[in-house]
Amino acid sequence: MAVIPMWKCDRDGSMFSDKKAAEEHDKMLELAANITMLLEQTFDNIDDKIAEDIGLLFAKHKETLAKAIKGKPELVLEIGKESAAEQPAEENTNE
């Protein structure tokens, strides 16, 4: 029997066989949590779930957002296309 080392992320329980990937995931979740807190502090009436979703979206795409802020604003639209493609079909409809 082989022993396989695993790393568990405390924030969401995700398991990783690579320590570096686990640390990157944890940092992404920390950034998302901080963005969520910023949104909740800034906008009194923001829904908690929406703030969390926005935080995760920004954290997952931080490199693209950084490039957009530095002068390539069209890159933000690519994030929107990727995110729409990741949604289940019933959530993509705008009825």
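Student: Why does D53 count as partly exposed?

Tutor: This is a predicted model, and in it D53 has 34% relative accessibility. Buried means under 20%, exposed means over 50%. The value for D53 falls in between, so D53 counts as partly exposed.

Student: What makes D53 and K49 a salt bridge?

Tutor: Their side chains meet at 2.8 Å, N to O. The cut-off is within 4 Å, so the pair qualifies. D53 and K49 both lie in helix α2. They are 4 residues apart, about one turn of the helix.

Student: What lets such side chains pair at all?

Tutor: Side chains of opposite charge can pair when their charged atoms come close.

Student: How many salt bridges does this rule give?

Tutor: The count is 3 salt bridges. One of them joins R11 and D26, at 2.9 Å from N to O. R11 sits in the loop between β1 (7–8) and β2, while D26 sits in helix α1, so this pair ties together parts 15 residues apart in sequence.

Student: Why do E30 and R11 count as a salt bridge at 3.8 Å?

Tutor: The limit is 4 Å, and 3.8 Å is within it, so the pair counts. E30 is in helix α1 and R11 in the loop between β1 and β2. This pair links distant parts of the chain, 19 residues apart.

Student: Are R11, D26 and E30 buried or partly exposed, and how do you know?

Tutor: Check each value. R11 has a relative accessible area of 45%, so R11 is partly exposed. D26 is at 25%, and therefore partly exposed. E30 is at 37%, so E30 is partly exposed too.

Student: What makes R11, D26 and E30 one network?

Tutor: Salt bridges that share partners join them. R11 pairs with D26, and R11 also pairs with E30.

Student: Which residues make the nonpolar surface patch?

Tutor: I4, M6 and M15 make it, with an area of about 320 Å². M15 is found in strand β2, residues 15–16.

Student: What pattern does the chain follow along the sequence?

Tutor: The order is β-β-α-α-α-α-α. That gives 5 helices and 2 strands. The chain has 95 residues, and 19% of them count as buried.

How values were computed: Residues are numbered from 1 along each chain as its sequence is written. This is a predicted model: local features need pLDDT of at least 70, side-chain atom pairs count only at pLDDT 80 or more; totals for chains, interfaces and linings use all residues. Side-chain values use heavy atoms; hydrogens and water are left out. Patches are made of residues with over 30% relative accessible area and no salt bridge: like charges are joined within 9 Å, nonpolar side chains (Val, Leu, Ile, Met, Phe, Trp, Tyr) within 5 Å. Accessible areas come from the Shrake-Rupley method with a 1.4 Å probe; for residues, only the protein chains shown count as cover. Buried means under 20% relative accessible area, exposed over 50%, partly exposed in between (1.4 Å probe, protein chains only).
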